[in-house]
Every structure is written in structure tokens, then in C-alpha cells.
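Hi,

Here is the structure I promised to pass on to you. Have a look at it first, and then read my notes below.

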Amino acid sequence: NVSYKRSDLDEIKDLWNNEFHEPEIHAALTSTGKPLWISPNIVVGQRRTFTWKSAIRERYDFGRLFGSTRVANVNILRRLAMAFMAIFIPVILVLRVAMHIYRKRRFVDQFVFSFPALVLISLAWGWGELLGYLTGRPAKSPQTTSTSLPA
């Protein structure tokens with residue numbers, strides 16, 4: 001969950017006018033000197049319902065979108081190197097969550113219960129990101145489209 005100053009977003013409106021993708025927005029904001037802040041005091045809950053299929057598809061789609069965005073202006077050797085490193089993405093994602101749980105000492109039971117699902121969706125993301133690096137294109141799926149911000 002992110003909030004932005006409207007004036008900052010207006011400066012980069014051409015970037016999000018059709019679709020809003022956080023990695024692109026964050027890169028554009030930081031490149032113009034706008035700070036991004038993370039607060040460890042905020043706890044966010046989510047109340048979304050997924051089927052297994054929709055959860056896996058969403059993570060794959062966004063992983064592929066993320067990968068394709070990162071290689072938009074990258075030569076083929078760098079793309080291949082990034083694709084090779086993508087093999088480790090699922091492990092990194094799971095370890096990141098595990099380390100966060102360990103540091104905070106919260107939600108340990110939920111983490112253990114959800115571990116198989118976390119591994120599965122991390123694999124989906126990693127596969128999507130790998131293909132995004134190799135193809136340079138996002139997935140052709142309704143999941144990768146997003147709405148623009150209201151005017």
C-alpha cells in the first residue's frame with residue numbers, strides 16, 4: 001500500500017495515464033528527487049479472496065510485467081544474465097518473508113501455515129519474471145492491465 005502526493009504524480013502523468021505500475025512510478029519519482037518512505041510502524045492487512053488459479057496467474061503476470069519493464073532498454077547479454085539470476089528469485093522472495101517474520105516475531109503461525117502457498121506463488125512470480133527478461137514483453141492477460149488514477 002502506497003500513497004503519493006498528487007502534485008508529484010501530476011509531474012509524471014504521461015507515465016501512468018493508461019496504466020499504473022508501481023516499479024515504473026517509483027523509479028520515475030526517485031529519478032526526479034522525490035523521496036519514497038517506508039514506515040515499519042504500519043501494519044497492513046488484506047481482505048481479498050483468491051482461487052489458487054487466480055493467485056498464481058496474478059503473481060506470474062506481475063512477475064512477467066516487472067521483468068519486462070526492467071529490460072526495456074537493456075542489451076541481450078545483460079538480459080540473459082538477469083534471466084539466469086531469476087532462477088534464485090523464488091528462494092529470495094520466501095527468505096525475505098521469513099526474515100521479516102523472524103525479525104518482527106509476529107504471525108509465525110500464519111507463516112508456517114501459508115508456507116506452501118508462499119512457495120507456490122513465489123515460483124509463479126519467478127517464472128514470470130524470468131520470461132519477462134527473456135521476451136521483453138508482459139503477459140497477455142487481464143491481470144496485467146490496471147486502471148489509471150481518477151482525474
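Let's begin with a salt bridge: D10 pairs with R6, and their closest N and O atoms are 3.9 Å apart. By salt bridge I mean a side-chain nitrogen of Lys or Arg within 4 Å of a carboxyl oxygen of Asp or Glu. Before going further, note that this is a predicted model, where local features need pLDDT of at least 70, side-chain atom pairs count only at pLDDT 80 or more, and totals for chains, interfaces and linings use all residues. Residues are numbered from 1 along each chain as its sequence is written, and side-chain values use heavy atoms, with hydrogens and water left out.

Back to D10 and R6: both sit in helix α1 (residues 6–11), four residues apart, which is about one turn of the helix. Helices here are DSSP runs (H or I, at least four residues), numbered from the N terminus. D10 is partly exposed, at 42% relative accessible area, and R6 is partly exposed too, at 34%. For these words, buried is under 20% relative accessible area, exposed is over 50%, and partly exposed is in between (1.4 Å probe, protein chains only).

How many salt bridges does the rule give? The count is six. Another one of them joins the side chains of E11 and K34, at 3.3 Å from N to O. This pair ties together distant parts of the chain, 23 residues apart: E11 is in helix α1, while K34 is in the loop between α3 (22–31) and α4 (52–70). E11 counts as exposed because its relative accessibility is 51%, whereas K34 is buried, at 19%.

Then there is E58, whose salt bridge with R59 has its closest N and O atoms 3.1 Å apart. Is E58 buried or exposed? It is buried, because its relative accessibility is 9%; R59 is partly exposed, at 24%. Salt bridges with shared partners also bring R48, E58 and R59 into one network.

F84, M85, I87, F88 and I92 make up a nonpolar patch on the surface, and together they have about 500 Å² of accessible area. Patches take residues with over 30% relative accessible area and no salt bridge, joining like charges within 9 Å and nonpolar side chains (Val, Leu, Ile, Met, Phe, Trp, Tyr) within 5 Å. The areas come from the Shrake-Rupley method with a 1.4 Å probe, and for residues only the protein chains shown count as cover. One member, M85, belongs to helix α5 (residues 76–85) and is partly exposed, with a relative accessible area of 48%.

Cheers

Technical notes:
Helices (H or I, at least four residues) and strands (E, at least two) are DSSP runs, numbered from the N terminus.
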